[in-house]
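Hello,

Here is the structure I promised to pass on to you. Please open it alongside this message, and read on below for what came out of it.

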Amino acid sequence: MSVKDHLPANVESKLTSSRALSQIKDGVSTAYELYRSDRLGQFGIVVLAAFVFIAVFAPILAPYSPGARHRRDDGSLARLDAPSTDHLLGTTHHGQDVFSQLIVSARVSVFVGFLAAFIAVFIGTNIGLISAYYGGWIDDILMRIVDIAYGLPFLPFVIVLVFIFGANIVNIMLVIAAILWRDSARVVRSEVLSQKQRPYVESARAIGASDFRILYRHVFPNVLPLTVLYMAFAVAYAIMYEASIAFLGFGDPNVYSWGRMMYQAYTHGAIREAWWWVLPAGVCIMLLVSSVFFIGRTLEEITNPEIRH
Amino acid sequence: MLELTDVHVEYEMEDGGAVHAVNGVSISLEKNKILGLIGESGSGKSTLAKAVIRLLAKNGDVPEGSIEYKGTDLTELSDREFRTEIRWDEISMVPQNAMNGFDPVYTVGNQIVQAIRTHEDVSKGEARERARELFEQLGIDPGRIDDYPHQFSGGMAQRAMIALALALDPSLIIADEPTTALDVVIQDRILQTLRDLQQEIESSVVLITHDISVVSDICDEIAVMYGGRVVEHADVETIIKEPRHPYTLGLRNAFPDIEEDDQDLISIPGTPPDLVEPPEGCGFAPRCPFATDECWDVTPEPEEYGDGHIVECHRADEQELLTEEAKRKETWMDLETEPQQGVEEADD
């Protein structure tokens with residue numbers, strides 16, 4: 001303030017008009033600064049961007065159709081051929097191109113990962129908000145449901161639901177979301193419990209804001225950083241869960257995924273011999289999951305400055 | 001304009017008991033006046049104010065009494081009616097800690113605009129224009145309207161909070177210790193601004209504070225609260241110069257007169273009364289150097305002495321004696337051994 005008093009009027013008005021903009025820049029630049037100094041965060045962003053790129057342009061990038069059966073020069077099926085210039089990562093038991101399958105599979109992981117995580121965090125955040133804000137019996141009921149969700153063992157739950165509703169990618173995504181929402185519900189609830197005691201909530205109420213408005217216009221933006229952080233971790237878990245489901249053979253039989261590639265290698269007894277069939281899918285899952293974790297880890301430093309050192 | 005009759009406020013506790021934070025308060029406030037509500041922590045002043053604007057915690061309730069505002073009993077209104085018709089349009093509030101009173105994720109101007117547009121059908125531009133005017137009136141650079149709350153200093157945030165409270169020209173403003181966190185110079189300036197603007201829009205103000213020197217400057221009337229009751233209520237002159245209640249006399253001792261020299265500060269020994277099971281008799285009796293047997297047994301009723309000077313004390317008619325005695329430090333010192341004995345007597 002004191003410095004500003006001595007500035008000429010036109011400089012001052014320029015300062016103030018750019019202030020709102022600089023606020024947004026502040027937030028972004030904090031993130032930028034943190035990522036700039038954090039190698040793992042950088043690694044995460046680069047890897048994730050690469051996978052998203054591959055997923056989007058998969059049909060163009062894949063050299064062959066993932067289901068096409070290739071034959072050798074002598075006319076026999078190219079069963080379990082080792083990597084060559086024709087097939088960069090060799091072929092499967094059915095003579096299909098592993099490299100093409102790998103690229104097309106990226107779509108499922110990225111799609112399921114982000115969408116399931118979004119659904120999970122969307123549900124969890126809303127339940128956390130409502131539960132903490134209204135309290136009383138609403139809180140009791142919702143939190144008991146969360147407790148039950150925590151009690152569900154992941155794999156049996158998935159097996160039962162996939163069996164009942166059928167193994168397609170949308171169902172699998174919903175099942176993953178049905179497990180993952182519980183974490184964000186609990187964490188958001190505890191944060192809202194603290195936020196709702198803050199004086200700004202009382203002010204908003206005194207001004208005549210409705211509960212809905214207080215909840216979504218005032219409390220929610222204050223827990224948003226936390227929600228974004230949990231979203232990042234939920235993405236990593238969703239990718240891993242989708243891969244495990246597919247590896248166990250409960251995946252959607254109509255789409256290619258890394259988990260399914262490993263499952264097929266396993267069922268054909270090739271898991272020890274055809275490293276080119278198994279290894280790339282495993283490495284891809286590992287890279288994608290860890291990239292999202294690293295991004296989440298850096299985001300965590302933004303939401304929780306205490307661990308910035 | 002605001003008329004409280006025998007208002008009780010209770011906070012229910014987990015074990016089924018209740019804290020009787022306000023115990024039968026009757027007080028009225030006229031248009032265009034500033035009422036100072038003073039008392040120590042836990043005397044029920046904030047609770048009383050929150051009961052008026054219906055911001056009590058979830059376990060708080062007004063089981064008895066009426067809060068009449070412009071002829072309507074506010075306790076009868078539904079939450080919805082209260083929200084759309086009374087809040088901010090009619091009664092607004094300046095909270096204790098302005099710095100946290102604003103939502104950190106929106107600009108201060110945006111929050112004032114939101115408040116205006118919640119209650120009035122005006123365009124964003126008009127609301128913004130009014131926010132700028134309010135900033136100017138309160139001596140904040142209107143150019144800072146797009147700042148976030150954390151960019152404001154404590155004094156500025158407090159001014160901005162007052163701007164927000166005045167945004168809809170309310171008839172009643174409840175200011176809950178609006179200057180507690182500020183230094184005395186800023187405190188004085190803000191209170192003067194509040195006073196000026198209050199005169200301009202002809203609203204009434206309830207100013208809650210525990211600082212008697214603050215209220216004496218700008219208030220028209222003072223109500224002294226103790227243990228959930230208003231023990232003395234009169235115009236400022238009377239309270240400062242000729243109080244009748246021993247508690248007010250004691251409070252006065254704790255603030256030295258700048259024109260007299262060599263004064264000892266005398267504090268009132270003891271602690272505020274138990275509000276879970278308020279004992280029979282006068283709530284101040286255990287700390288009162290002038291308590292008689294009657295004080296322990298019978299709760300004093302409000303009595304009027306002179307023009308609008310209402311006191312709840314059995315010995316209020318012995319004003320001269322009490323005033324003289326209360327000035328002596330020994331009067332209050334002797335007491336420190338007595339309360340024990342007093343409590344025993346009360347148990348009998």
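**Notes on the structure**

The crossing of helices α10(B) and α12(B) is right-handed. Before I go further with that pair, please keep in mind that this is a predicted model.

Helix α10 of chain B covers residues 246–253 and helix α12 of chain B covers residues 319–326. They pack at an angle of about 35 degrees, and their axes are 10 Å apart. On the α10(B) side, the residues that meet the partner helix are B:Pro246, B:Leu249, B:Gly250 and B:Asn253. From α12(B), B:Leu322, B:Thr323 and B:Ala326 face them in this contact. By type, the residues of the contact between α10(B) and α12(B) are four nonpolar and three polar, with no charged ones.

**Chain B as a whole**

Chain B is built with 14 helices and 12 strands. Its radius of gyration is 21 Å, close to the 20 Å that the globule rule gives for 348 residues, so chain B is as compact as a globular protein of that length. If you are setting up a box, the C-alpha atoms of chain B fill one of roughly 70 × 50 × 35 Å along the principal axes. Of the 348 residues in the chain, 45% count as buried. As for contacts in chain B between residues at least 6 apart in sequence, 66% of them join residues at least 24 apart.

There is also a record to go with this chain. An unreviewed UniProt entry gives the annotation "domain: ABC transporter" for residues 2–252 of chain B. Over that span the chain is 39% helix and 27% strand, and the end C-alpha atoms lie 28 Å apart.

**Where the chains meet**

How many residues of chain B are in contact with chain A? There are 25, and they touch 22 residues of chain A. On the chain B side, the elements that give two or more residues are α2 (79–86), α3 (98–101) and α4 (108–119). Of these, α4(B) gives the most, with three residues. The chain B side of the contact divides into 10 nonpolar, nine polar and six charged residues.

From chain A, have a look at helix α10 (residues 199–207), which is mostly covered, with eight of its nine residues buried. Among those buried in α10(A) are A:Tyr200, A:Glu202, A:Arg205 and A:Ile207. What do the buried residues of α10(A) pack against? Within chain A they pack against α11 (211–247), and from chain B against β6 (91–94), α3 and α4. Just after α10(A), A:Gly208 takes a positive phi of about 110 degrees.

**The rest of chain A**

For this chain, an unreviewed UniProt entry places "domain: ABC transmembrane type-1" at residues 106–296. That span of chain A is 85% helix and 0% strand, and its end C-alpha atoms lie 20 Å apart.

Is A:Tyr150 buried or exposed? A:Tyr150 counts as exposed because it has 12 C-beta neighbours inside 10 Å, and the cut-off for exposed is 12 or fewer. The C-alpha atom of A:Tyr150 is separated by 39 Å from that of A:Pro59, and the two residues are 91 apart along the chain.

Definitions and conventions. Residues numbered from 1 in each chain as written. Chains lettered and ligands numbered in written order. Predicted model: local features only at pLDDT ≥ 70, side-chain atom pairs only at ≥ 80, totals over all residues. Helix = DSSP H or I, 4+ residues; strand = E, 2+ residues; numbered from the N terminus. Rg over C-alpha atoms; globule rule 2.2 N^0.38 Å. Buried ≥ 20, exposed ≤ 12 C-beta atoms within 10 Å, placed from the backbone. Contact = placed C-beta atoms within 7 Å. Nonpolar A, V, L, I, M, F, W, Y, C, P; charged D, E, K, R; others polar. Axes fitted to C-alpha atoms, helices over the stretch in contact; angles between N-to-C directions. Left-handed = near helix turned anticlockwise from the far one by under 90°. UniProt positions renumbered as here; feature names shortened; annotations may be inferred.
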